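Open the model in your viewer and keep the selection tool ready.

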Amino acid sequence: MVDDLYQETILDHSKHPRNCHAMPDANRNAEGYNPLCGDKLKLYVKMDGDIVKDASFQGSGCAISTASASLMTESLKGKTRAEALVLLDKFHNLLTTDTPVGKDLGKLVVFCGVRDYPARVKCATLAWHTLKSALEGSGETVTTDTE
Amino acid sequence: MSSQTSLISAPFDVEKIREDFPVLKQFIHGKPLVYLDSAATAQKPTVVVDSIRHFHEVDCANIHRGVHELSQRSTAAYEETRSKAKQFLNSKTTNELIFVRGTTEGINLVASSWGRKNVREGDEIVISALEHHSNIVPWQMLCEEKGAKLRVIPMNDRGELLLEEYAKLLNPRTRMVAVTHVSNALGTINPIKEMIAMAHQAGALTLIDGAQAAPHLKVDVQDLDADFYTMSGHKVVGPTGIGILYGKAALLNAMPPYQGGGDMIKMVTFEKTTYADLPYKFEAGTPNIAGGIGLGAAFDYVSKIGLDKIAAYEHELLLYGTEALSRIPGLRIIGTAREKAAVLSFVMEGIHPHDIGTVLDRQGIAVRTGHHCAQPVMDWFHVPATTRASLAFYNTTAEIDALIAGLGKVKEIFS
């Protein structure tokens, strides 16, 4: 049922997104855009050497994309750049494959319901695409069309 | 059994009509399908499906020039649709009706063929704030290429075009006014007869995007005096990939071909090619024959019910739906034009249209969510997207009730 998609944690983070603010002293920024629904997202990352010290976002989106950005920024803090990119891959697999849900995703497992809603995968991955752009420093607006 | 007369005078029998649409008799996620996305594409009645099947099973051959029986049958069936389109749009001749893939191709054909020949630097093309991307981008591309200027008729809070502003935009440099008859995102019915007359007075030509109008109201291109009018088959319960571009013969004759290839020529040598007469000059290559034949069946089907009856019934549905949606707290209908087709575009406070769409889908209700290929319209209303329920003559008030109940579930989850 639809409740599998909109789990309590997702609803909570969509209504009360964490780290939802600008970050003037961020040293990595990127913008993401989902042309399918017009959702826009601005991501701020503060790197301390190789470590993600802080992350935040701004933007308007659906419950899935907002919750995804909120939970992503939470889960990034303290991770190395490489760890963050590994997490991105795992998250992507969680959404797009039938592989058993890994234990190392932490709170992010609440998004496992999205795999049954192919039309909504891009909502959940928008923040992560934007993260990749921020970490790889391309700095250009990424769109979810590149999947 | 009812007598013949009582059948004719009978009220709109939507249950009987629904019998013609097998697709509607299914369950989605365990719930009866409630299809409220006809502005995207209309469902197809059995007669349309059967006509396409019949073509493939019995008459399949390429059209034109073939001397064998099957080719003659397929040519006759395909060309018969042109005659039906003549009645449907009331053009003077069948020569003025070009088969295209759909409205988008119709507009591109004119922008490309007429536009490249006739638009110069400093000329102006007028479109409106209500346009679908397909009636913006081709003109933008043309303007960019030619150094011409694209001007936009603004609208008011209801989603109605401001005619006094339109009048101010018209000037001797205006070459073309390209506007939609009915807005896909909001449902606004534009006063295009008046708008065409105004354009003509300024010496400009007109192209009317009829994609959303043709399924819902009677179109008479002669009465409108439209220079070009284009529509998509799939919105009038026909197949996808086929549509009609109407153009006045004198204009079409003066235009260069859109694409080169077979079927659009009289004679080809390596030195020179002479082009075929109308309408074939614009129909290069093997067309969507099955689609054309299916469109003919669709014209017959819609005409048999009668567009007057369809328009009246859909208007009842619109009033019912508007009233029902207005009772939902926190819901705002986007597009409240006084002249409006059966489109209900809305936003709900604090709930994104995509979430609404997903929750409704799980209850069997198909609506469209997003910008409806009309991002400038969304920008004007300061919303990134809306949820759009678009109604057709096979919809019922019970389905609107289902939508309202579905939105109740949406609120339950997100509030």
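**Stop one: a helix pair in chain A**

Select helix α2 (residues 63-76) and helix α4 (residues 121-136) of chain A: they pack at about 40 degrees, axes 6 Å apart. Helices here are DSSP runs of H or I with at least four residues, strands are E runs of at least two, both numbered from the N terminus. Axes are lines fitted to C-alpha atoms, for helices over the stretch in contact, and angles run from 0 to 180 degrees between N-to-C directions.

This is a predicted model: local features need pLDDT of at least 70, side-chain atom pairs pLDDT 80 or more, while totals for chains, interfaces and linings use all residues. Residues are numbered from 1 along each chain as its sequence is written, and chains are lettered from A and ligands numbered from 1 in the order written.

Now show the contacts (C-beta atoms, placed from the backbone, within 7 Å). From α2(A), pick A:Ile64, A:Ser65, A:Ser68, A:Ala69 and A:Met72; they meet α4(A) residues including A:Trp128 and A:Leu131.

**Stop two: a strand in chain B**

Move to strand β5 (residues 124-128) of chain B, where 5 of 5 residues are buried (20 or more other C-beta atoms within 10 Å of the residue's own, C-beta atoms being placed from the backbone). B:Glu124, B:Val126 and B:Ser128 cover one side, B:Ile125 and B:Ile127 the other. B:Ile125 stands opposite B:Leu150.

**Stop three: where the chains touch**

Select the contact: 14 residues come from chain B and 15 from chain A. On the chain B side, α13(B) gives the most, 4 residues.

Terms used
Two residues are in contact if their C-beta atoms, placed from the backbone, lie within 7 Å. A residue is buried if 20 or more other C-beta atoms lie within 10 Å of its own, exposed if 12 or fewer, and partly exposed in between; C-beta atoms are placed from the backbone. Two strands pair if DSSP finds at least two bridges between them.
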